[in-house]
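Hi there,

Here is the structure I promised to pass on to you. Have a look at it first, and then read my notes below.

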Amino acid sequence: MSDNTESLKQLPLGEWHRGLGARMVPFAGYEMPVQYEGVMAEHIWTRTEAGLFDVSHMGQLNLSGDGCAEALEAITPGNLSALGAGKIRYTLLLAQDGGILDDLMVTNTGRNLYLVVNGATKHDDIAYMQAQLPDHITLDHLEDAALLALQGPKAGVALAKLNIKPFEAGWPVPTDLYFMEAGPFLWNDVPLGISRSGYTGEDGFEISVPAEHVEALAIALTDLEEVRPIGLGARDSLRLEAGLPLYGHDMTPDVLPVEANLNFAFSKVRREEGNFAGAERVLAQYPDKAETKRVGLFVDGRQPVREGADVVDNSGNVIGKVSSGGFSPTLQRPIAMAYVPMELSATGTAITVQQRKKQIACTVADMPFLPHNYHRKPKI
Amino acid sequence: MSRYFTEEHEWVDVEGDTATIGITEYAQEQLGDIVFVETPEVGATLEQGDDAAVVESVKAASDVYAAVSGEVIEVNEALEEEPALVNSSAEEDGWFYRATLSDKDELSDLMDEKAYKAFIENL
């Protein structure tokens with residue numbers, strides 16, 4: 001990625017971020033806010049109140065045409081044809097060899113599938129899907145839509161203050177949604193697509209809004225006492241604490257889903273059908289026959305281990321790699337994700353990381369590092 | 001006592017043959033919340049430009065280079081318990097280490113406060 005700011009694209013809210021004093025950095029080809037008041041304060045605010053994230057760099061796509069869910073199943077392991085209207089599924093876009101090309105959210109809107117993919121990979125994803133999907137399936141890139149994420153224990157209380165109406169009389173309001181449900185709404189006659197989802201481990205919403213209205217919505221939200229704008233820095237530390245893998249770091253085309261510890265992304269039906277890209281190679285590892293696995297690490301002491309640091313054995317041989325690492329503001333200690341040999345992947349196993357010639361003791365930890373705080377539908 | 005600055009945003013206080021070294025207010029502001037400082041070993045001999053310390057924020061690690069050559073004679077042990085001292089008092093209580101100066105001529109490569117202020121204004 002170039003850090004020549006002239007080549008960077010601007011988000012619809014770029015000026016607004018700068019006006020709030022954000023420090024802007026290049027990310028996924030865009031100039032994006034990395035922090036406003038500071039990563040630690042923003043992180044803690046999101047865990048205790050509600051944070052507003054501009055994630056308009058992410059790709060919003062509509063997939064339509066007869067049998068589009070079945071068609072998308074050819075390149076994902078998710079049970080998308082069984083996804084009910086208004087429901088969301090997290091799944092993976094798989095290459096023909098089973099390597100992970102992206103992770104994505106798929107919503108059945110009742111009329112089509114709405115996909116949210118990563119910003120850095122969206123153009124490659126679109127090209128791949130267009131090449132793989134039958135001609136009668138239409139893929140629209142919603143380039144005129146912005147995306148905001150409102151995350152935190154007070155996200156519901158805050159959103160309820162905005163007088164967002166159901167799209168049709170009698171339909172639900174946003175706070176009626178449970179985790180991984182979505183629907184259409186109106187805010188001052190502006191159409192919003194709202195999902196109860198996110199990537200921080202907290203309750204919250206992701207709001208798709210026409211780009212020309214995103215600033216008004218961001219202002220209305222941040223005017224609420226519960227809500228502050230949050231940058232990419234805290235987004236990363238929040239998702240790390242929540243044990244959520246980040247594409248391009250914890251997942252790459254060289255990694256298969258079982259290695260990435262994403263077994264939950266396969267449904268039983270799709271495993272039995274075995275009819276997705278790379279299925280033979282991917283399912284040969286299921287559920288625990290891969291040689292390596294992504295695990296969580298608690299790091300001894302105060303010094304974080306960082307992405308790219310080696311996992312070593314007692315003789316100093318490299319046997320794995322750290323894929324994400326940082327300091328947990330909530331736990332006040334360093335945590336990480338790493339690829340380690342399967343036989344060293346059990347919780348409690350001692351692991352050594354070598355970083356700048358220094359050996360740092362770690363222990364395999366359960367993920368998430370903090371319990372998720374989702375607004376799940378009660379089980380009957 | 002004279003204070004010098006480097007383009008890598010370190011400050012160097014010189015008193016006789018001894019230098020006290022830390023990172024500048026500008027540097028701590030850029031780094032954000034500092035969660036760990038790896039100081040050099042007492043007794044280590046550093047050449048100007050060597051890796052001397054590592055400063056870790058929530059998100060990233062940054063190297064601190066030896067601003068001057070010399071032997072490390074003391075490190076700021078308070079940073080072990082309270083790395084955020086670098087945020088709250090970068091140019092005083094948040095100092096990193098003291099070293100003997102083995103080559104005073106190196107100081108002529110460094111900036112004075114006025115030159116450093118002009119330098120950061122142009123960043």
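What follows is a short tour of chain B and of a few backbone details in both chains. Please keep in mind that this is a predicted model.

Let me begin with the overall picture of chain B. Four helices and nine strands make up its secondary structure, and their order along the sequence is β-β-β-α-β-β-β-β-β-α-α-β-α. The C-alpha trace spans about 35 × 35 × 25 Å along its principal axes. If you take the contacts in chain B between residues at least 6 apart in sequence, 61% of them join residues at least 24 apart.

Asp189(A) has a phi of about 70° and sits in the loop between β12 (182-187) and β13 (190-195) of chain A. His9(B) has a phi near 70° and belongs to the loop between β1 (2-5) and β2 (10-15) of chain B. Their surroundings are worth a look: Asp189(A) counts as exposed because it has 7 C-beta neighbours inside 10 Å, whereas His9(B), with 23, counts as buried.

Finally, chain A has cis peptide bonds to show you. One joins Tyr286(A) and Pro287(A), with omega about -5°; Pro287(A) is in the loop between α9 (279-283) and β16 (292-299). Another joins Met367(A) and Pro368(A), with omega about 0°, and Pro368(A) lies in the segment after β21 (358-365).

Enjoy exploring!

Best wishes

Key: Residues are numbered from 1 along each chain as its sequence is written. Chains are lettered from A and ligands numbered from 1 in the order in which they are written. This is a predicted model: local features need pLDDT of at least 70, side-chain atom pairs count only at pLDDT 80 or more; totals for chains, interfaces and linings use all residues. Helices (H or I, at least four residues) and strands (E, at least two) are DSSP runs, numbered from the N terminus. Two residues are in contact if their C-beta atoms, placed from the backbone, lie within 7 Å. A residue is buried if 20 or more other C-beta atoms lie within 10 Å of its own, exposed if 12 or fewer, and partly exposed in between; C-beta atoms are placed from the backbone.
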